[in-house]
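I opened my notebook to go through this structure piece by piece.

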Amino acid sequence: MTSRIIGTGSCLPETVVTNDDLSAIVDTSDEWISSRTGIRERRLAKEETTTSLSLEAAKRALADAGVSSKELDLIVVGTLTGDYITPSAACEVQAGLGAVNATAFDINAACSGFMFGLHMVNAYIRAGMCRTALVIGAETLSRILDWSDRSTCVLFGDGAGAAVVQAQERGLIAFDQGSDGERGACLACRGRTNNNPLVQTDKTYGYVQMDGQEVYKFAVTTVPQSIRRVLENAGTEAEDVSYYLLHQANLRIIQSVAKRLKLEPERFPVSLDHCGNISAASVPILLDEVNRKGMLHRGDKIVLSGFGGGLTWGTSLLEW
Ligand code: COA
């Protein structure tokens, strides 16, 4: 028994913010952002929340799968920007869907959140603890960005992607995942500090801080290694995989991974040009876009790979 993705959905906020829009608030340009990253615009939440985006993505995924919310026995949301510290985004989604038979909780693995969620659901399925699950990656990163820091605020966007996963004979073939907490400081966002007046009165909030070049080096070495491990474990040749759906952080990272795997760039679909980096939501949003364009056919092999804060990485080889 393994896990098969039987439906996908996604949801982006209404508001489009172009690179030129950003050049009105920080010292940057469309030329700098698009040539260094491939990003041209992103969607940023106004009224939308992590929960509302997740809920809409979930409804679309359930409709695509032809599954009712009552059939769900597990909901996992990968996010680092849930609307509440508690309840979790997954519990909010459960309530919104009326998924009364599901256990629901969040996991924080930053940009690898959807992948870790998928692998955890797979473990639940293989252990016989669940049959039909919803895995979501969702973020409103715009709430934790320093909008005066041009080196980070131009890179990210908001949105949610979801997949319905069911216990079936074919589906997830092999996976690889890992963490390197020693290097966590190169992509970090501090949580609330202790504001107990009996102890101290520091009420500052953390914002995303990044050593871009360190993260870049991490990504271009770790991601190809992780993909190679998965392919080797499955006895699958890189050329036998139709598409490689990578976390959408930077076009140059994606092109470098393609080159290191000696594969043509056409096998690496891209959504970052119109989405930016949406952390845990990047991979499921791209998967949904590719699915809805009719690019996936039953029996095709695809690779999903996420990487980022933690540091963390996670890769799956799936039969569609
Ligand atoms: N607009 C204009 N100039 C900018 C800028 C912006 N938005 N952001 C930074 N700069 C400037 C820097 O201040 C620096 O100026 P200086 O040379 O005068 O000091 C110059 O551009 C080069 O900065 P640097 O950080 O060396 O650029 P880079 O080529 O490494 O590109 C990233 C920066 C962030 C695009 C790149 O490092 C990257 O993509 N890293 C991976 C980040 C990532 O993917 N993170 C998420 C992982 S989940």
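**Starting with a pocket**

I began with the second largest pocket of this predicted model. I found 24 residues in its lining. Nearest its centre lie Leu155, Met210, Gly212, Gln213 and Asn250. I noted a volume of about 570 Å³ for this pocket.

Which elements supply at least two residues each to this lining? I listed helix 2 (30–37), helix 6 (150–153), helix 7 (212–234), helix 8 (251–260) and strand 12 (301–308). Helix 7 gives the most, with four residues. By type, I wrote down eleven nonpolar, nine polar and four charged residues.

**Domains**

Next I looked up the domain assignment. It gives domain 1 (2–169) and domain 2 (174–269 + 278–319). I noted that domain 2 is written as two stretches of the chain. The domain centres, taken over C-alpha atoms, are 14 Å apart.

Then I went back to the second largest pocket. Why does it lie between the domains? Both domain 1 and domain 2 give residues to its lining, so the pocket sits between them.

**The largest pocket**

I turned to the largest pocket, which holds about 870 Å³ of space. Its lining has 33 residues, and the closest to the centre are Leu80, Thr81, Ile144, Cys189 and Arg190. I sorted the lining into 17 nonpolar, eleven polar and five charged residues. Domain 1 and domain 2 both contribute to this lining, so the largest pocket lies between them.

I followed an open sheet of five strands in the order 1-7-6-4-5, with mixed pairing. Which strands stand at its edges? They are strand 1 (2–11) and strand 5 (103–107). Each has a single partner strand, so one side of each has no neighbour in the sheet. Neighbouring strands here are turned by 20° against each other on average, direction ignored.

I checked one pair more carefully. Strand 4 (residues 74–78) and strand 5 pair in the parallel sense over five bridges. Glycine 78 has isoleucine 107 in strand 5 as its bridge partner.

Two helices went into my notes next. Helix 4 (residues 89–97) lies across strand 4, strand 5 and strand 6 (132–140), and runs at about 145° to strand 5. Helix 5 (residues 113–126) packs on the sheet and touches strand 1, strand 4, strand 5, strand 6 and strand 7 (158–168). The direction of helix 5 makes about 165° with that of strand 6.

Parallel or antiparallel: how do strand 8 and strand 13 pair? I found the antiparallel sense, over seven bridges, with strand 13 covering residues 312–319. Glycine 178 has tryptophan 313 in strand 13 as its bridge partner.

Helix 7 came up again here.

Conventions
Residues numbered from 1 in each chain as written. Predicted model: local features only at pLDDT ≥ 70, side-chain atom pairs only at ≥ 80, totals over all residues. Heavy atoms only, no water. 1 Å grid on protein atoms, 1.4 Å probe; cavity = no way out; pocket = protein on both sides within 12 Å on 5 of 7 lines; lining within 4 Å. Points joined across faces, edges and corners; volume = space filled by probe spheres on them. Nonpolar A, V, L, I, M, F, W, Y, C, P; charged D, E, K, R; others polar. Domains from an automatic or database assignment. Pairing = 2+ DSSP bridges. Axes fitted to C-alpha atoms, helices over the stretch in contact; angles between N-to-C directions. Contact = heavy atoms within 4.5 Å.
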